[in-house]
Amino acid sequence: MTQSSAAPLLMVRDVSKSFGPVAAVQGVSLPLYAGEAHALLGENGAGKSTLVKILAGVHGADSGELLMDGEPVVFKGPAASRAAGISVIYQEPMLFADLSVAENIFMGRQPLGVGRRIDRAAMNREATEVFTRLGVQLDPERAARGLSVADQQIVEIAKALSFNARVLVMDEPTAALTTVEVGRLFEVIQTLRDQGAAVLFITHRLEEAFASCQRVTIMRDGRSIRTAPIEDVTIDDIIRSMVGRDLDTLFPKTATEPGEVVLDVEHLCRGGVFDDISFQVRRGEIVALAGLVGAGRSEVARAVFGIDRRTSGTVRVHGAELPNGKPLAAMNAGVALVPEDRRQQGLVMEMSIDQNVALASLGRLRRFGLIRRSSERELATTWAGRLQLKFSRMGNTVSTLSGGNQQKVVLGKWLARNPSLLIIDEPTRGIDVGTKAEVHRLLNGLVADGVAVLMISSELPEVLRMADRVLVLREGRITAEFTRAEADEDSVMRAATGQSPVVAA
Amino acid sequence: MSVITAPAPAPTDRPVSRLESLLRARELGIALAIIVVFGLTTLNNHAFAHAASIQQLLNGAALIALLGVGETLVIVTRNVDLSVGSVVGLSAYIIGDLFKHNHDMSVVLGFVIAIAVGAAIGAINGLVTTVARVPSLVVTLAMLYIVRGFDGVIVNGKTIDPDSIPTAFTAVGYRTLFGIPWLAIIVAVVVAAVGYAMRSFRSSRDLYAIGSNPDAAELAGIPAGRRVFTAFLISGALAGLAGALFLALHAQIDVSGGSGYELTVVAAVVVGGVAIFGGSGTVLGAALGAVLLNTINQALVASKVSSFWNGAIAGGLLLAAIAFDRWLSLRVARSLQSAEGAHRDL
Amino acid sequence: MTSDMATKTPVTPRRSVVETGKRALWRGVRRWESALVVVLIGALIFGSSERPNFLSPMNFFYTGLNMGEIAIMALPLTLIIMTGEIDLSVASMLGLSGTVMGVLFSNGWPIWLAMAAALVVGALGGTLNGVLVAKVGLPSIAVTIGTLTLFRGIAVILLAPRTITGFPLSLTKIGVVPIQGTQLAYSTAIFLVMAVVAGVVLHATPLGRALVAIGLQPEAAQFAGIRVNRIKIWLYVVSGVVCAFAGILLTLKNSSVSYDAGTGLELNVVAIVLFGGVSIFGGRGTVIGVVLAVAIVGALQQALTQMNVQPEVQNIVIGVLLLISVVIPNSGEAIRRIRDRARRHASTPSPRNSPNA
């Protein structure tokens, strides 16, 4: 569906923005048509987030202009942008946990009654109206605390609607959603489009762009490379534009012969989260835990590693049982965990690169009880080299690195311990395509060297390409197991969503 | 990745505002606790329920409750005001000194000046916290030193005694209306007014937003600096008012007036259900917390338990209150999550 | 959210604003200590300007004597604040331990046993703090306000309104004479030794690195195998024991103890730690900064006392120092923010080529 006639609702024309010597956005142009969903694609560092912040009024453009309905507009702050009808929904929903859903929607604009006091009944009523318009149902009086991520997003969208937003910008909205919730989101986007809104949809998932958007813009190095209707481009086109080069293979995989059992999990159980989880991982094999977000996969990994205490069941590494709830014991047994949340769990953002790499190995770097800085630096340099880390100075904080390089630091931290079992949770989430391939190559190299890998991933293509065996979790239980040969998208998704009875392979 | 468009999921409705009703239960719980303590003590010592005893109860709690109102506003925004005790002492002394040298200064003017002194210090706290973005713990701690020091300098070892203070002023401290002390009435009015405002006006709801999620508040366009500044201003002004009432109540003031109040106020406020990390809590709860703490103190005296136990019991109570709060929030979170899980159908 | 401010890869490695800012922060830590050195020198000059023999060994002895207990308590508090927590019960534990020692001693216990008991009390109190904060997960500011009241309250129960005196002269001499052959007060020497230990631990051992990690990013520390809860509990136990020890020192120094010993001192200790450059948010600060802060406050107080300035004015000085110590590092940013906002409100970018900000 192409909007050929009308002028764009919002036109970004030749916008540039620099921070000091760094040009984050250079001469970017992008049309947003009413009733259309427009995908914005690009690697990390391409300038998408900066562009979003300019639209949101958080930053002012250095040059170029924004045109709404053909008229130039200037935003002096987020409030101005919102007043003009642009609403941005960020990746992490920003709600007030202590306040009610309705108050979250109308914060700062609560309907007033007699004597300028807040009319709660009217507020709740209006909130319900917005939810109805969206086709969802939520209790406006409940506190925002405890809402699922998907529901939080719905509240954010409701907030946008209540502002009579005509342009909705969504920054990676599907990253933490289950497939069903993604479906619901797309329906909501369709509803918004039907009502004449324009949606700017930023995602790393190319398939989603194809499934839900009518137009696509690809950014690279701060510039808009190409804008085209979705039917005029292929995935290869997109990748080439994003990366600037052809990638012959995205997900390489070499076959290896699995050895002895490294990890043996039996009847692992954590009350209310997962139940009766049993599986094994052998040397030289990649076992993937697949399933919808929220199925309990990360929780299983955390319980195996000892971050969370298990209710019952045993975890054995090289035959020896691990004590409950002691990550240090798991580490000493040769287990490593690259966690799901890079910024909160994987790295100390304000520490330097070398300090982060060394954080799990400090015991080894000691002499007479004191840390040897030279050994620390050496360790970091070695792994930075092996992982082809791109950085300017080892002493810089990791917050200065791109997502892909940050992930390499986390990997370096754990590989420095020479683990025999690597648990890696969402290995390539939020990472550009180029680094993605590097990470996959790295994992293959590891299993070739005899490391056992337990991989958790929500990206089916990744799971299917990398895993020797696929275990599917649904609502805290293993519902299926597939070998590499048996696994395909359809069967895995069925097991993950419980759509048909599962026959164990 | 294949995207499955599922039929719209089951309505995710929840029992109406379970959290809100729990919160309201907190104030109720404290009120209940007060009644229980009061009742038990009276059984033991009938004099506890006499008018004079109750008046003393109310008066004892009044100042802390008043300070608690201002402190609640500040703590809700994820800040803290440790300077309130020293402000009480300073403002009390300043108007005491003024009365001493201008014996016919009007009572109203005395109150106004006391409030102004407090407001001035509150303004400094607010400015430094919001403009210089300094953690309020540090700012108000520093102001506590500075104000106490300044107070010490102008007091210089002297004391204002009852003779210096006009009876019209001290009347506020001991007069009653239908048996209820004026002091308690004044504080009750302030609590009611501020409590109503906190629920009903947009700018007060902003305070809760700021404490609940400062980043989201900024994105929502809430003028956090202005709001936090106002919170500190009010806290200071109420502390100034408390200073005037202190003088009226005790009819004398020296250099130690009000010292140590700040920690008692924080304890009362936390017991009253105001989250120390901001975002929730009511001034009514804070006031009730002050009343509860004082009731327990007086109950101990009335039960012939040595008053030496006051401190230990207050400390134990505070620890129990925050432990209870934590247990409560864990329970709520768990129940909300399991309700979530129940709806995770396909 | 993905950071677009990343260092450009790989062709043109350039410095991003974020990087400069953060690097400046690290440099700023060392800058703070340098500033403190300058302030210390200024304080010493100030003191000498009034009293020519301000820099005499005897003055050094008395300053060290007066600051001893506060200085000692500041060290474990530094470590606790580094992990993002706080301990406001320090002075109450000081009072309680002195009280316990005094009461037992006056009941006939041998002095060494009484002291050991006081240390045990310190450990118990610290354990209470640690368990409530780390295991139960309560906010440390609220918990330690509670234990502050509790400890003080127990001291009141045990001793009020008496005062205990009559401690053995062989021990109370620490309050009168310096260590043989030097002008070092016993408490000063103890503080210096402890400071070296604390400094080495914090800045050069894996434990110290763990403390910094916990302060900066507690979740990541946990995921790296650091036993966050256990460390926090031990920090509070150490704090309890050290404060108990300080209480013993104070009691012997004064040769007496009463139930309100050390009331209000906690704020002094916190003020000194913060003035020493330790961030209240955790993860930043140095022991050397705290040592310098102790020296500065000690020198200033000594100078002011010798000039017959009231103690209240000294309070004002400490308060102002504290304010300055936190306002100045933030002022650069604050000014930039104000300027930014003013510029945004004033100008409107022209369509084609507006000057690059």
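In the predicted model, A:Ser399 sits in the loop that connects α13 (373-386) with α14 (403-415) of chain A; helices here are DSSP runs of H or I with at least four residues, strands are runs of E with at least two, and both are numbered from the N terminus. A:Ser399 is buried because 20 other C-beta atoms lie within 10 Å, where buried stands for 20 or more such neighbours around a residue's own C-beta, with C-beta atoms placed from the backbone. A:Met94 lies 305 residues from A:Ser399 in sequence, and the two are 21 Å apart in space, C-alpha to C-alpha.

Residues are numbered from 1 along each chain as its sequence is written, and chains are lettered from A in the order in which they are written. As the model is predicted, local features need pLDDT of at least 70 and side-chain atom pairs pLDDT 80 or more, whereas totals for chains, interfaces and linings use all residues.

Turning to chain B, its secondary structure consists of 13 helices and 2 strands. Buried residues make up 51% of the 346 residues of chain B. Among contacts in chain B with a separation of 6 or more, 80% join residues 24 or more positions apart; a contact requires C-beta atoms, placed from the backbone, within 7 Å.

Chain B also meets chain C, with 40 residues of chain B in contact with 40 residues of chain C. On the chain B side, two or more residues each come from α4 (107-131), α5 (136-155), α11 (261-271) and α13 (310-343). The most are given by α5(B), with 14 residues. This side of chain B comprises 31 nonpolar, 6 polar and 3 charged residues, with Ala, Val, Leu, Ile, Met, Phe, Trp, Tyr, Cys and Pro taken as nonpolar, Asp, Glu, Lys and Arg as charged, and the others, Gly among them, as polar.

How values were computed:
Buried ≥ 20, exposed ≤ 12 C-beta atoms within 10 Å, placed from the backbone. Contact = placed C-beta atoms within 7 Å.
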